[in-house]
Amino acid sequence: MHFETKAVHAGGESDETTGAIVPPIHLSTTFERNPADGQPLHGFSYVRDHNPTQARLEEALAEIESAEAALAFGSGMAAASAIFQALPPGSHVILPEDGYYGVRILANDYFPRWGLSCTFVDMDGDARSLLAIVKKNIAAIWCESPSNPLLKIVDIAALAAMAHEAGAIVIADGTFASPALQRPIELGADITLQSTTKYLGGHSDVQGGSRAFRRRDDLYARAEHVREIIGGVGSPFNSWLVLRGIRTLAPRMRVHCENARAIAEFLAGHPRVERVHYPGLASHPGHAIARRQMSDFGGMMSVQIKGGRQEALAVAAKTRVFTRATSLGGTESLIEHRASSEGAASRTPQNLLRISVGLEHKQDLIDDLAQALK
Ligand SMILES: *Cc1c(COP(=O)(O)O)cnc(C)c1O
């Protein structure tokens, strides 16, 4: 079946007791046990272990990621942490130079406590620069494509082939693309991450994270154990909202992409713009790889304004349709001075604005940016 069909139906079987078409939200924290043997009557015991609404979401997440199994978490960062905590102490991890700043902070502040070490590597293109490093004893290579905030593209298939030869697994953060546009497991990755707070939720009203696993293997079991014991589970209500978001993911992504393409072209031709980072532009260094591994180029881009911090902030200050805010993947367009959001640990250029293109009419968005750039 096609992605659109899976996204509409996965985890959506009618409720057995009422026939309701829309899944019920089970808020119960505890579940009845069998008087004869003390075991759970329907497989559920306590909400932190498993719950029926989250189980439906996980079924859908696995299906849309072409994975054997998936785990839902309370946030993208809870999902990220769980996989690192599931690695044996002493493991070495490769992380991308350009990537979500929360993962960089996680590595710096918590890896030492968990007995992990890491190397940050520039992961552009086919990641050939990794070849020398992967020969060493590496447990996992974490990649993010497109990356945040510079929209760098990694050749996930090439990376996976290289990693597997060296006995390492590949973990891919595909949040910027969403599984509607890119499915890293089909490309050879072992595990994917989605911050479901973004495109899967899709309406800026729910936080969540997802991990999908190529195989229901040991690492899956260990990550599930981490979730249960460390406690980064999603709530039943949030699981339900993410599941609801998945239903419209494919058509929403089509509009995000169409609008973003028009805006990227407009910005690329504007005299006040120094550089546009959008993989859909033929001038983007990762364009050819993105064309191969993504079905479209997504709704995220960054733009560097000629001048510096003040000039970039002034442009963001003048937008009326775009709201100045962090995060991404909602229906509304957002513009963000990324270095300000990232704070002291930021390595993002001061003249960079990150844009999450929403579902408004593209002409209104272009008109708004045009007047802000005047
Ligand atoms: C937002 C984001 C995360 C973290 O997800 P949260 O839901 O905020 O914890 C991780 N990776 C990327 C690429 C993100 O955009």
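**Paired strands and covered residues**

Me: Strand S9 (residues 300-305) and S12 pair in the antiparallel sense over five bridges. What makes two strands a pair?

Reply: The criterion is that DSSP finds at least two bridges between the two strands. S9 and S12 share five bridges, so they qualify as a pair. One point of this pairing is Gln 304, whose bridge partner in S12 is Leu 352. The model is a predicted one, in which local features need pLDDT of at least 70 and side-chain atom pairs pLDDT 80 or more, while totals for chains, interfaces and linings use all residues. Residues are numbered from 1 along each chain as its sequence is written, and side-chain values use heavy atoms, without hydrogens and water.

Me: What are the other strands of this sheet, and in what order do they stand?

Reply: The order is S8-S9-S12-S11-S10, an open sheet of five strands with mixed pairing. Strand S8 (273-277) and strand S10 (323-324) each have a single partner strand, so one side of each lacks a neighbour in the sheet. S8 runs antiparallel to S9 and is joined to it by four bridges, with Arg 275 opposite Gln 304 in S9. Strand S11 (residues 334-337) pairs with S12 over four bridges, also in the antiparallel sense, and His 337 stands opposite Leu 353 in S12.

Me: Why is strand S12 called mostly covered?

Reply: A residue is buried under 20% relative accessible area, exposed over 50% and partly exposed in between (1.4 Å probe, protein chains only). In S12 (residues 352-356), five of its five residues are buried. Both directions are included: Leu 352, Arg 354 and Ser 356 point one way, Leu 353 and Ile 355 the other way, and all are buried.

Me: How do you know that both faces of S7 are covered?

Reply: Gly 209, Arg 211 and Phe 213 lie on one side, Ser 210 and Ala 212 on the other, and all are buried. Thus five of five residues in strand S7 (residues 209-213) are buried. The strand also has partners. Strand S1 (residues 69-73) runs antiparallel to S7 over five bridges, with Phe 73 opposite Gly 209. Strand S6 (residues 191-195) likewise pairs with S7 in the antiparallel sense over five bridges, and Ile 191 stands opposite Phe 213.

Me: Why is Phe 84 called buried, and what is in contact with Phe 84?

Reply: The relative accessible area of Phe 84 is 1%, which is under 20%, so this residue counts as buried. Phe 84 belongs to helix H3 (residues 76-86). Contact requires heavy atoms within 4.5 Å. Beyond the neighbours within four places in sequence, the contacts of Phe 84 include Val 93, Leu 95, Phe 111, Trp 114 and Trp 142. Val 103 is another of these contacts; Phe 84 and Val 103 are 19 residues apart in sequence and 10 Å apart in space, C-alpha to C-alpha.

Me: Is His 287 buried or exposed, and how do you know?

Reply: His 287 has 11% relative accessibility; this value is under 20%, so the residue is buried. His 287 is found in helix H11 (residues 287-293). Leaving aside neighbours within four places in sequence, His 287 is in contact with Pro 279, Gly 280, Leu 281, Ala 282 and Phe 297.

Me: What makes the protein chain as compact as a globular protein of its length?

Reply: The chain has 14 helices and twelve strands, where helices (H or I, at least four residues) and strands (E, at least two) are DSSP runs numbered from the N terminus. Its radius of gyration is 21 Å, close to the 21 Å that the globule rule gives for 374 residues, so the chain is as compact as a globular protein of that length. The radius is taken over C-alpha atoms, and the rule is 2.2 Å times the number of residues to the power 0.38. Of the 374 residues, 54% count as buried.
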